[in-house]
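Work through the exercises below with the sequence and the model open. Try each task before reading its solution.

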Amino acid sequence: MLAKYDHASQYEAHSDASGVLYGGKDKGYAEAVGIVITNDPPSAGINEGTIGGFKVVQSEAHQVVYGSDSAGLCLAVVTGLSYPSRIAVQMLTELYGQYMDTLGLQVKSATTNSLSKKSKTVLSTICTKYDDLSNVDKASSLTAKVDEVKVHMQDNISTMLTNIDKAEHISDQANQLNEQANVFKKKSTDLKKQMRCKDMKMTIILVFLVLAILASILIPLILKATK
């Protein structure tokens, strides 16, 4: 192994060591990848200066995607199972071109881990780029946009339902106020009728009283005048 880079900055150990990709908690990711490639080496790239023969080996939580060129230079990446292997292949293809441009001349004479430090910038840059799928995969970017639109739609629907509930509440209150107004109007009308009746009764009583007074005064005068 000429170079290695741990983008996750730590080895993820798992309690179940049997049959896992890394071969147990006591083995580092680099050693595990070496074992995987040794057990199932990739096919060489068809054309010189290209990488091909990609293979994917999965464990319960991870996968190793790797390929090789015609000279036997092998590139590999460890990802989670949810990471699309086609994007990992795309990453390795891009990495191969950049790696050969910057360190290609040193590969033939390199010894074990002698290129790790020199490769760090290239490996870090490519890993950072491919860490966010939306930056490198149109399908993932579209999915992210669709999810964003779905969230906005859900928020809009929630707001709309809330507004509908408020509108219904306001409508109920308006109906109640309308009913109360009708009741008040009816009571006002009844009260007016009662007041009119009382006024009429008082008027009639006053008329009778006036007539009675006039009669008590005029009748004696009329009788006296006739005598």
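**Exercise 1. Which residues of helix 3 are buried, and what covers them?**

Solution. This is a predicted model.
- Step 1: Locate helix 3, residues 116–131.
- Step 2: List its buried residues: Ser-116, Ser-119, Val-122, Leu-123, Ile-126, Cys-127 and Tyr-130.
- Step 3: Look for the cover. It includes helix 2 (85–107) and helix 4 (133–136).

**Exercise 2. Find the kink in helix 3 and give its angle.**

Solution. 
- Step 1: Follow the helix axis to Val-122, where the kink is centred.
- Step 2: Read the angle there, about 30 degrees.
- Step 3: Check Val-122 against the burial list. Val-122 is among the buried residues of helix 3.

**Exercise 3. Describe the largest nonpolar core and say which element gives the most to it.**

Solution. 
- Step 1: Count its members. The core has 23 residues.
- Step 2: Pick out those with the most contacts inside it: Leu-75, Val-77, Met-91, Leu-95, Tyr-99, Ile-126 and Tyr-130.
- Step 3: Assign elements. Strand 3 (74–80), helix 2 and helix 3 each give two or more residues.
- Step 4: Helix 2 gives the most, with nine residues.
- Step 5: Look for a further core. A second, separate one has five residues, including Val-33, Val-36, Ile-37 and Val-64.

**Exercise 4. Which residues does Met-91 touch, beyond its neighbours within four places in sequence?**

Solution. 
- Step 1: The contacts left are Val-77, Ile-126, Cys-127 and Tyr-130.
- Step 2: Compare with the largest core. Val-77, Ile-126 and Tyr-130 are listed with Met-91 among the residues with the most contacts inside it.

**Exercise 5. Is Leu-214 buried, exposed or partly exposed, and why?**

Solution. 
- Step 1: Leu-214 lies in helix 5 (residues 138–226).
- Step 2: Take its relative accessibility, 42%.
- Step 3: Apply the cut-offs: buried is under 20%, exposed is over 50%. Leu-214 counts as partly exposed because its 42% falls in between.
- Step 4: Look at its surroundings. Leu-214 belongs to a nonpolar surface patch with Ile-204, Val-207, Phe-208, Val-210, Leu-211, Ile-213, Ile-217, Leu-218, Leu-221 and Ile-222. Together they have about 1,000 Å² of accessible area.

**Exercise 6. Summarise the whole chain.**

Solution. 
- Step 1: Count elements: five helices and three strands.
- Step 2: Order them along the sequence: α-β-β-β-α-α-α-α.
- Step 3: State burial. Of 227 residues, 22% count as buried.
- Step 4: State exposure. The chain exposes about 16,100 Å², with carbon and sulfur atoms supplying 60% of it.

Notes:
Residues numbered from 1 in each chain as written. Predicted model: local features only at pLDDT ≥ 70, side-chain atom pairs only at ≥ 80, totals over all residues. Heavy atoms only, no water. Helix = DSSP H or I, 4+ residues; strand = E, 2+ residues; numbered from the N terminus. Buried < 20%, exposed > 50% of the residue type's maximum accessible area, 1.4 Å probe, protein only. Areas by Shrake-Rupley, 256 points an atom, 1.4 Å probe, with all protein chains shown as cover. Patch = residues over 30% accessible without salt bridge, like charges linked within 9 Å, V, L, I, M, F, W, Y side chains within 5 Å. Salt bridge = Lys/Arg side-chain N within 4 Å of Asp/Glu carboxyl O. Bend = angle between axes of the 7 residues up to and from the residue. Contact = heavy atoms within 4.5 Å. Core = buried A, V, L, I, M, F, W, Y, C linked by side-chain atoms within 4.5 Å.
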